[in-house]
Amino acid sequence: MGPGSMTSRLLSCLETFRDKVNQHPRLRSLLKGWDRVVLVESSDSGAAYCMPFAASEIAEVSPPREHPGTIIRVRAPEQMLCKVFSGELNPATAFLNGELQVFADDRDQVKLDAITLVLWD
Amino acid sequence: MPSKLSSAAELGDYVSISAGMAIACSGYTVMAELSGIVTGVPYLIAIAAAGALCMAISGSIAFLASSYPSAPGVRTYLRGALGDFPSLLATFTVLAIVPLFAGAESYTLALSLRSVIPISPYVLAPAAILFVVSINLFGLQLPRTIQFALGVALIAGTLLLGGMALLGPMEGGAPLPAAPVRSGAEQAARALTAVGSAVFLYTGFEWVTPLGRGPAAYRRLIPISMPLALGILMVMYVLFAAGLQRRLAPGELASNPIPHMLLGERVAGARGILLAAVLSALSTLTTFNAGLMGASRLLYALAREGKLPRFVSHISMRTGVPAVAVLLIGGAALLAALVEILLDLQVAAAIAAAALYCLVYASFVWAGLRHRARDPSGDAHFRNPVPRAVQWGLCLALPLLAVATAASDGALRPKVMTGVTVVLASCLLLARWSFRAGNQARPARAVLNQNEAR
């Protein structure tokens, strides 16, 4: 599998993640007032995508560009990012192992973790 | 798109957080306690030496942080280098220090504020803890710019009070007390003990490591921020300690758990008392709030990986706060505060926390050495400038310092030794149980409050 196909898989995972988040009724409450931009960066392929959270949903998945507001950076090898955003891997475990990096304050880290829990547990 | 901050502003942010986390109201109590061990110039040297020791330790922590950017410190660093069980033991020890510290801190704050707010410390100390727990439960958080400003204000205020005490005119002042004549062995033992106790003044500086704004921060800015913060703290504490010695008689200083209030009064009367009270409140607010928040997140993370019962990872769907973890840490802090107040254990708790922190720091240095040995090529971006021989020396010296610190006050020795032993034994049992439970169970999922979600 070449780097190009991995990158397209990451984009596909993130778009599926966005759809699941936006369709999940319980996440509305959790995401209320939480306007953040999640920047997903691959540490090996260099691929990067933005997911702005606004009005209790993810607006779009797009290449990085200027967004107002607080930015949360999520960084890992591309394959791991795909696993995390598709629910195959517990992000908390990857984070505690030091394999998944999340650059945000404590509260935003927990919120991001909670989103994955609601979706997949 | 990431960080728009300039490097200088970002570094200033990290330095402020690192220094702000270390400045605690109970630090003044420890400074008073220290003056009972050494006086005169050795008193100041002990405080400076503890700062230098922490600078050397920060090299190992910076190296580990650059290997695991954004990771939650003690749990990840030690597991990567030393294995799961030692990591759990150190993590539970850090978690146990938080209530010990909270008890001493809230009581010192309550005593400090008594001259401004006439409420009994028995009421004010638990109220301070409940206030901080409530802030955390409601998910309120100070913006980072405000945290930066608070850190700067705290350092500036302490320097101002110390500077006024040291440089200002005084009536019938006493010269800096001369160190009493003692034998060489006794002198060395007291100096060692004093350095170990003085480590307490700097603890918490490493809590900045999970807060980097991006991977680049771990190559230079986070590693530099810790020794810079420690350097600032060292100057601030030495200046303040010299001021304390100039204005307060040795007997007044050693027996006073809130010497900064008396110093404020001596230096500037009512205004000085107000300044000292504001410094007390600021230092407790920054340290205590961040300590409680960090500890609750650590507890939550342990539950998420299946090392603690799953109910501990309960998250409020309304605020996104790990509510059970906050309540557990807050409850433990409240209980510790009440026990410490009722049994008059605040100073003993602070000394025990200092001794335990020496052990935790030893494990960080050891982890740094092990991590380097396992991966000599190193994927870390920061290279620890402290020579390996010095790091090995620290691994041996810090546990000795821990013992010396625990035994530093003859009158409190049984209480401190008992406290340290009980904490370590409890953490050992908890780590053993958690290690086995974690190996048997699948990673726990968080428990979400479904009622809130509906």
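Modeller: Helices (H or I, at least four residues) and strands (E, at least two) are DSSP runs, numbered from the N terminus. This is a predicted model, in which local features need pLDDT of at least 70, side-chain atom pairs count only at pLDDT 80 or more, and totals for chains, interfaces and linings use all residues. Residues are numbered from 1 along each chain as its sequence is written, and chains are lettered from A and ligands numbered from 1 in the order in which they are written.

Biologist: Which residues of helix 6 of chain B are buried?

Modeller: A residue is buried if 20 or more other C-beta atoms lie within 10 Å of its own, exposed if 12 or fewer, and partly exposed in between, with C-beta atoms placed from the backbone. In helix 6 of chain B, the buried residues include B:Ala125, B:Ile129 and B:Val133. The buried residues of this helix fall within an arc of 145 degrees (taken from the directions from the helix axis to the C-beta atoms), so they line one face. The face turned away from the buried side carries the exposed B:Val123 and B:Ser134.

Biologist: How many residues of chain B are in contact with chain A?

Modeller: Two residues are in contact if their C-beta atoms, placed from the backbone, lie within 7 Å. Here 34 residues of chain B are in contact with 26 residues of chain A. Helix 11 of chain B gives the largest share of that side of chain B, six residues.
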